[in-house]
Amino acid sequence: MGYAGGYCGRIAVVDLSDRSVETIEVTSDLVRRFLGGRGLGAYLLSRDLQAGTDPLSPENEIIFETGPLTGLWLSAGRLHISARSPLTGTIGDGNSGGAWAPELKAAGFDALIVRGRADSPVFLWVRDTEIQIHSADGSWGKTVGETTELLRQQFNDPDLKVVAIGPAGERRVRFACVMNDYARAVGQGGLGAVMGSKNLKAIAVRGHGDFRIARPQQTMDFLRETIAHVQKKPGFDYFKRMGTTSLIAPSNEVGYACYNNMQYTRCPDADALSSEHLQENGYFRKSMACYGCFLGCSHLMVSKRGTFTEGIEFGTLNEVTACGIADADVAIEYNLLCNEYSLDTFDTGHVIAFAMECFEKGLLTKADTGGIDLRFGNREGFLAMVDQIATRSGLGDLLAEGLVHAAETIGRGSDEFANHIKGMALDTDIRGMPGWGLGYIVSSIGADHLRGATSFTIAASRTMSQEQSRRLIGKEIDPSSYEDAPWAVWYEEKGDAVQDSLGLCKFISSPHGGPDLIYYKEYSELLYLVSGIEIPEEEFDLIGERIINVERAFNAREGFGRKDDTVPPRMREPARGGYNKGTFYSQEMLDVMLDGYYRLHKWDVKTGIPTPERLRELDLPVLADQIARISNPSR
Amino acid sequence: MSGEPTMTGICVVEGPFPDNCIGCRTCELICSMVHEGVINSEKSRIRVRREERHGFSYPVACIQCADPECAKVCPVGAICISGGAVAIDVDTCVGCGKCVPACPIGAIRLHPTTRKPIKCDLCGGVPQCIEWCPRKVLKLRRHQHGKPDYRVEPMLVNAIAELNGEES
């Protein structure tokens, strides 16, 4: 069907097994129920995949999605990718910036679904609604940067936009990421391994089409006001200068650092990674931005050795300190290595930190590590392990299977310090911050900080006033209260799901960027101006709720439920260091939070699974029937 | 006044970190919105040249030469100076495309659908890319032909040389 703007109205479906390409329509029903992006991906996966689909089999699907606002000059260059995760077994999806997603839209597609498996390595070439499957013999084995350059040369087009995997994705490392535009990562959940399992090396896109806007002049007026409003946000200028590295200092003050595999919540040498240190010592070369972004939080960094890398983010630095290292030059090498191999910087760092603790406790020896003295703080050993993981050589082959499998194989109590939720590594400490922690605990993809974790409840950034809390959440939130945490997470996760579906960046919009930035009211107005589609403000909350339910139901089909909404053993021990010193999670605290959280969603409190009634209320009849069969198999 | 012709064009004036071009391409988006009512970089009169790996990004738009090379090669005389800008009369233009390679800084391109050349027209005096640039690195600058602005030209020349070296 035709849209006045925002949507192309087309989804490409490529089956690599029979090399077929077809297009399906983006119906108005899909738009109204899921908007696009993450919501669309979750729905398509729940529709297309059978329960129990092996994530690395041809039956899994990997979907590249844009939202209706993707491509607008409102920090909306977002790409979302969804598949069943080979790391966690849950739904797996992630979000990235750069310029690939707007290019896909310019080529005429809202989304691209890839199914099946090619006989030999291939890449896709997408140009203005035309899609070709090419042999990737020339690029297989090459890094992300090399692949990108090779494709640009092959098509003689420096403006070609490329998503690609490196050797780690090819070898199906379970936390391999998908990279786009050289240095942008859809990091978590091992989506790079899904591409690798399909023999899909890269997707090169070039589009020359219009991103149509239903009401151009009004859209310009609206955006002028909106951008001015967001720029006035407290801390905007600081964040613009420093990006997420600005979080190193507060994280060590509050105590959400992961020092020495989360044995300590502060890193003693964290100053060496602080944004001030990085800037004063010439590590920041210049600011960089995603497509159409007025914030530009990313940085080009350069090490003393002359290594360039774009955008070391806070979580990456936190995982470097998890290995006992506080050295900006090592962090830059690490970031570049991971980007080129297509490894997630969070899970890679954390699984190495886990191996380091195993080594210090005598569970791994030099015979296992190939002679590497894998103690905390060993810089060369740390970087060498990244190579081992990416090439699956030596110990790296075991670590490449992820924390759960590594701890099972090593045994001898090592699972006590394998810090993951549903198999995904923690990237911050979550003790003493119930609103932040619960977001990680119930997130549909495993431990993740962008799907419900409430930044406004963290001690250093309590940006929400009681008035705002009453108005936005319907309740005053005490940030230290375990009873209040479900309310905060419930509010946050719906908003996050809507942003991921519209194609907006979380830093410039509420709730994650802070209260009263741009939120449902502005989304509603903007969607109308851009696409002509009227969705009232209140309905966005319902759409967010629907997306959370689809993801939860998808996971329930795979056997996930309340038993999986938990914390790793180390989070049950008192934290050592920082403002949160002495805090921990008890089973009682977890139960209080989970009971409250499931009740708010009207889910089954005992199992943590959506009830069929709730799913029907949310206009999800097929999932309701499937869940009814799980809940009551005799029926 | 010296009597030599002077023209005013869009130039990039970068300040110290973080006031540099961040490669967001907002100028491209705005340009196509203002001129065409759609977002399409291919229809933008200003283009950001980028080399992501080393963080290179540099917007390129017509600097409005007082003695423009593009006008010299136009076989039908469709390019002239009008209202302070180098302007193309689309009705006269036959779309031969000779002006595109003639421009020393690559500031002319062919429109993807009309196949006629497009270039910066200074938005009739208030260039919208300058208004919207989030880091305020775009400026209007007056320069005398033959006496290029020393702060701007070397950067631009280096930038183009670098790009040509990388791409050719």
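**Exercise 1.** In this predicted model, find the partner of R206(A) in a salt bridge, and give the distance between the closest N and O atoms.

*Solution.* Start at R206(A) and look across to chain B: the salt bridge is with E42(B), and the closest N and O atoms lie 2.9 Å apart. Now widen the view to the two chains. Between chain A and chain B the count is 6 salt bridges. Residue pairs in polar contact between these chains, both at pLDDT 80 or more, number 17.

**Exercise 2.** Describe the contact between chain A and chain B by its residues and its buried area.

*Solution.* Begin with the residues: chain A gives 46 and chain B gives 33. Next comes the area, about 3300 Å² buried between the chains, with 55% from carbon and sulfur atoms. Of the area that chain A buries against chain B, W73(A), K286(A) and Y291(A) supply 19%, more than any other three residues.

**Exercise 3.** Work out how helix α21 (residues 485–502) and helix α23 (residues 537–557) of chain A are arranged, and which residues meet.

*Solution.* First, take the axes: they come within 8 Å and cross at roughly 90 degrees. Second, classify the angle: 65 to 115 degrees counts as roughly perpendicular, so α21(A) and α23(A) are roughly perpendicular to each other. Third, list the residues that meet: α21(A) brings W490(A), E493(A), K494(A), A497(A), V498(A), S501(A) and L502(A), while α23(A) brings F540(A), D541(A), G544(A), E545(A), I547(A) and I548(A). Finally, sort the residues of this contact by class: 7 are nonpolar, 2 polar and 4 charged.

Methods. Residues numbered from 1 in each chain as written. Chains lettered and ligands numbered in written order. Predicted model: local features only at pLDDT ≥ 70, side-chain atom pairs only at ≥ 80, totals over all residues. Heavy atoms only, no water. Axes fitted to C-alpha atoms, helices over the stretch in contact; angles between N-to-C directions. Helix = DSSP H or I, 4+ residues; strand = E, 2+ residues; numbered from the N terminus. Parallel < 35°, antiparallel > 145°, perpendicular 65-115°, else oblique. Contact = heavy atoms within 4.5 Å. Nonpolar A, V, L, I, M, F, W, Y, C, P; charged D, E, K, R; others polar. Buried area = accessible area lost by both parts, 1.4 Å probe. Salt bridge = Lys/Arg side-chain N within 4 Å of Asp/Glu carboxyl O. Polar contact = N/O pair within 3.5 Å; in protein donor to acceptor, adjacent residues only side chain to side chain.
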